[in-house]
Amino acid sequence: MNIDQVAFGQVATTLAKHFDSMYYVDMESDSFIEFFHSQMLNELNLPEQGTDFFAFLSDQAKRIVHPDDLDYVLQLINKEALRKKLTENNSSLIVCRFILGGQIVHICHISIMCEDNKHILGCIKNIESQYRETEEQERIFKSNERLARLDELTGIKNKNAYTEHVNIIDDMITAKDPDCEFGVIMCDINDLKLINDTRGHCFGDETIQRTCRMICEAFKKSLIYRIGGDEFVVILSGDDYRNREFLFDLLKKESEANCRSRSGPVVACGMSVFNPEVDQSYDEVFERADGHMYDNKKELKSGTIMGSIKKPSNLTRTIPDDRRRTLDSLFGALYTTAGDGYIFLTDLKYDYSRWSLSLINDFGLPSEYMYHVEKIWENNIHPDDLNRYQDVVTAVLTGNSILYSISYRARMADGTYVILKPRGFVLCDSNGNPEYFGGIIIPQ
């Protein structure tokens, strides 16, 4: 065996590993020889040689090519069309589907013009596995692309998607598109940091999710984005745009009701509408909405809506700012060290208290800051346990720093009773008089 024969044998062996069939065609006589075919093509009963290659190829195509791909394949394997393409490019590639053994298999058919321009080499390769890999890669890519535009916590669109939408709107504004009609609502959760600090990030995440549901329920026809930790933007369109005043008022009223009852998220919000005669960009509309939102936030925190501090009508003096700041500092230290349970702290000189948000929400109290809280809390205590509670309060307020070990039943916001066991302490001033009363209330 000479070196040419050895080389040819190696070439044939290598090709046989990478293709499922290989044949040699004389373009002048249409005769052909098949060098080999794989087990995959056994059921076709392919002849080792023949005299009318293109008629044979057409018959085989009609038998095994998927019906949706047949016309496309027949056009490409026409003798004159194939000769023209091979003359121009030296090769031709067909990707189609075969039906083999009742299964669909993706196939790559390659034709190559030989040096003499009279013969062609044809190869068939099963590319089903590569097709599936590509399909999976595209699926993963699309999934990752989709996830890159979704907020993980709420499931709505995130800031990436928001930025893309803003760019589209800006292009429409620049082009003076007559269909450019939109409004912007900026929403911000009140006191999310305080909620995270006092109730934990799990409760903070739940507050974000509840806020998202509240906004999405109000604006069902618009795109809604979470663009920051406590910030949401609604870009109004369609029916929501046309009914914006009504829907915006509903959202504000729900937020104000939550503010009064302490039963849900408090969301400051502001709205603005694109004016093509004035606005040169989306940001100008957004800035107006953002400014209105901050006005609403001030209103919500001012006490005019929620009455944030419960002030009895017979109150003779209010707590000074410095005392309130001291109370907040002590409360923060108490919360950090207390662990599980409800936290409370009272400035006894002003009868002014701060109670944890979890306690306020669970028991339906008016605010985390309250004057004469013992009178308010009495309304939640079971009548049969009220005397015991009042005895302890009286002992504390009259200077007896010895706390009794008691438990009592208290009514929650849903009307059910739970057993509570308080653990408390009294801090005295330099003269030995009780100044602060605080502690933790543990549900049993």
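In the predicted model, isoleucine 107 has a relative accessibility of 0% and therefore counts as buried, the cut-off for this class being under 20%. The residue belongs to strand E5. Beyond its sequence neighbours up to four places away, isoleucine 107 touches Met40, Ile94, Val95, Cys96, Phe98, Ile124, Lys125, Asn126 and Ile127. With one of these residues, cysteine 96, the C-alpha to C-alpha distance is 5.4 Å, although isoleucine 107 and cysteine 96 are 11 residues apart in sequence.

Strand E5 is part of an open, six-stranded sheet with antiparallel pairing, in which the strands follow the order E3-E2-E1-E6-E5-E4. The edges are formed by strand E3 (49–50) and strand E4 (91–100), each of which pairs on one side only. Within this sheet, strand E1 (residues 21–26) and strand E2 (residues 32–37) run antiparallel and are joined by five bridges. Tyrosine 23 is placed opposite glutamate 34 of E2. Helix H4 (residues 79–89) lies across E4, strand E5 (103–113) and strand E6 (119–126), and its direction makes an angle of about 135 degrees with E4.

Ala161, Tyr162, His165, Val166, Ile169 and Ile173 are the buried residues of H6. These residues lie on the same side of H6, because the arc they cover around the axis is only 135 degrees. They pack against strand E8 (223–226), strand E9 (231–236) and helix H11 (282–301). The face of H6 turned away from the buried side carries Ile168, Asp171 and Thr174, which are exposed. At the start of the helix, a side-chain oxygen of asparagine 158 comes within 3.1 Å of the backbone nitrogen of asparagine 160. Just after H6, lysine 176 adopts a positive phi of about 55 degrees.

Helix H8 (residues 201–218) was examined in the like manner. Its 18 residues reach 26 Å from the first C-alpha to the last, close to the 26 Å expected at 1.5 Å a residue. Buried positions in H8 are Phe203, Gly204, Thr207, Ile208, Thr211, Cys212, Met214, Ile215 and Ala218.

A further set of paired strands involves E12, E13 and E14. Strand E12 (residues 342–347) pairs with E13 in the antiparallel sense over four bridges, with aspartate 347 standing opposite tyrosine 352 of E13. The two strands, E12 and E13, form a hairpin with four residues between them, and aspartate 351 in the turn has a positive phi of about 50 degrees. E13 also pairs with strand E14 (residues 369–371), again in the antiparallel sense, over three bridges; here arginine 354 is opposite tyrosine 369 of E14. In strand E13 (residues 352–355), Tyr352 and Arg354 point one way, whereas Ser353 and Trp355 point the other way; all of them are buried.

Key:
Residues numbered from 1 in each chain as written. Predicted model: local features only at pLDDT ≥ 70, side-chain atom pairs only at ≥ 80, totals over all residues. Heavy atoms only, no water. Buried < 20%, exposed > 50% of the residue type's maximum accessible area, 1.4 Å probe, protein only. Arc of directions from axis to C-beta. Contact = heavy atoms within 4.5 Å. Polar contact = N/O pair within 3.5 Å; in protein donor to acceptor, adjacent residues only side chain to side chain. Pairing = 2+ DSSP bridges. Axes fitted to C-alpha atoms, helices over the stretch in contact; angles between N-to-C directions. Expected span 1.5 Å × (residues − 1).
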